Amino acid sequence: MVTRGFFSGRRPPSDTDARIPPGQYLEQGFPVLSAGPTPRVRTEDWSFTLKQGPNPLKKWNWAEFNALPQSKMTRDIHCVTAWTKFNTPWQGVMIDDILADAGIEPPTAYTLALSFDGYSTNVPTKDLVAGKAMVALLYEGKPITPDHGGPARLLVPHLYFWKSAKWVNGLQFTERDEPGFWELRGYHMYGDPWREQRYSSDP
Amino acid sequence: MSAEPSPQSPWQAATITRIEKRTPRVTSFWFRPSRPFAHLAGQHVDVRLTAPDGYQARRSYSIASAPEAGGGVELAIERLDDGEVSPFFHDVAAVGDEIELRGPLGGHFIWEESDGGPILLVGGGSGVVPLMAMVRHRTLRNKAVPVALVFSARLWDEVIFRDELIGLDDRRDGFDLVLTLTREPARRPSDYSRRVDARMMAQAIERLPKAPRLAYVCGSNAFVSAAADALIGAGVPAGIIRTERYGV
Ligand SMILES: Cc1cc2nc3c(=O)[nH]c(=O)nc-3n(C[C@H](O)[C@H](O)[C@H](O)COP(=O)(O)OP(=O)(O)OC[C@H]3O[C@@H](n4cnc5c(N)ncnc54)[C@H](O)[C@@H]3O)c2cc1C
């Protein structure tokens, strides 16, 4: 439906058009979105736990976690609130390397990412492994600020950005695909930006 | 860009039925959706504009009207001069136009009567819009719930819904309005002339009969960060604070 009188618009340059998913616009800044106040998590208090159901499989403190192999990922990210940001540079620990350090294969097909503030979000396990996702520790070479989820956040760049849980403190493998915080509040269970899976009523 | 909406597309056409200037920079638009919906106080809709060549822009706008208010869905849109969608509404949109919208959306930043109170609302600029829906909902549904609204605006003339809010405050029925103007002296004895801080939050809480059960903060990202920190500084537990950020 064409909107009367709407002609202008910031059409993306044609060389980048193909990188912008439907319904998204290109953002130069880095907006902040969250459900509550920004938790200030001190690295002294930080830990990261792998769990299967309620049972811990392995836990790292900040120093131990930072000693894991570090990788870099520069990716386009897509927020469900319709902005897309190109070439965001992250550094952190690939989920593959976390699993390797724990000496395990992923035990179940589904994962819940857990955060210090009680937030959680579900991601199929296969979307976290094989080089697709990391726990990021640095953004643009510097520690991630609290507003953006520091000291550590999940980075699953091929899904809408609410899946990249801020203030992450663990991954919990689950038998079933269990909805997390936003998924219980109307957001899509998977969240593929290219298929515009924003809300639960989207196909 | 986006394909044509599929038959089950949640987007629908809504007709603008009324337009009213609220402040020099904020105008309210009332929409009559072709498929009417019920919303909760605090929810928003997504709005989508389409150019003749198929280019689309979409943005979110909170619903200002109470769920039980007739007369359609009110959105109060602030004009950003260098923006894309908000200047379209201010300069182009007219009564009778059809605009595509989707909603209601949002399942966290909402207040229902069953959530109880007291509640503390903190809004900056257009961040007052979803809080207004909560205030109106309370007025129409359950005045027994004590509510304090701290509303930060730059100028007295930029206080959106000012007459309505002051009218509600004057009833002294458990709704308390605290205005804080950041670029002008206060006009009412109970108001402030500075940015929100922990002391202001503590004083707002003292106006409630007991500690708030829930606190809602909405506005620009910078405002929400500062106000949420101020609430925590005033002793409000982080777990009862819900925030909604409008972006940069
Ligand atoms: C849940 C939610 C509810 C909201 N409710 C309301 C509401 O009730 N009322 C309200 O007024 N707003 C609300 N907003 C904000 C609203 O969605 C829009 O962000 C706002 O109207 C600005 O849109 P715009 O298209 O006019 O500006 P945009 O074009 O998005 O620009 C916003 C700012 O970003 C900068 N900018 C953007 N793109 C560029 C670029 N390419 N180059 C340089 N600078 C750029 C501009 O300086 C501009 O000031 C809400 C947001 C959310 C997430």
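**Close-up views of a predicted model**

View 1. A:Gly92 stands opposite A:Ala136 in strand 8 of chain A, helices (H or I, at least four residues) and strands (E, at least two) being DSSP runs numbered from the N terminus. This is a predicted model, in which local features need pLDDT of at least 70 and side-chain atom pairs count only at pLDDT 80 or more, whereas totals for chains, interfaces and linings use all residues; side-chain values use heavy atoms, with hydrogens and water left out. Residues are numbered from 1 along each chain as its sequence is written, and chains are lettered from A and ligands numbered from 1 in the order in which they are written. Strand 5 (residues 83–94) of chain A runs antiparallel to strand 8 of chain A and is joined to it by five bridges, where two strands pair if DSSP finds at least two bridges between them. Strand 10 (residues 153–155) of chain A is likewise antiparallel to strand 8 of chain A, through three bridges, and A:Leu155 in strand 10 is the bridge partner of A:Met134. Because five of the six residues of strand 8 (residues 134–139) of chain A are buried, this strand is largely enclosed by the rest of the structure; buried means under 20% relative accessible area, exposed over 50% and partly exposed in between (1.4 Å probe, protein chains only).

**View 2. The hairpin of strands 8 and 9 of chain A.** Two bridges join strand 8 of chain A to strand 9 (residues 142–143) of chain A, and the two run antiparallel. A:Pro143 in strand 9 is the bridge partner of A:Leu138. Two residues lie between the strands of this hairpin, and A:Glu140 in the turn has a positive phi of about 50 degrees.

View 3. A:Trp167 is placed in the loop between strand 10 and strand 11 (168–174) of chain A, and counts as buried at 3% relative accessibility. Although A:Trp167 and A:Asp45 are 122 residues apart in sequence, their C-alpha atoms are 12 Å apart in space.

**View 4. The contact of helices 2 and 3 of chain B.** B:Met132, B:Val135, B:Arg136 and B:Thr139 in helix 2 of chain B meet B:Glu164, B:Leu165 and B:Leu168 in helix 3 of chain B, contact meaning heavy atoms within 4.5 Å. The residues of this contact divide into four nonpolar, one polar and two charged, where Ala, Val, Leu, Ile, Met, Phe, Trp, Tyr, Cys and Pro count as nonpolar, Asp, Glu, Lys and Arg as charged, and the others, Gly among them, as polar.
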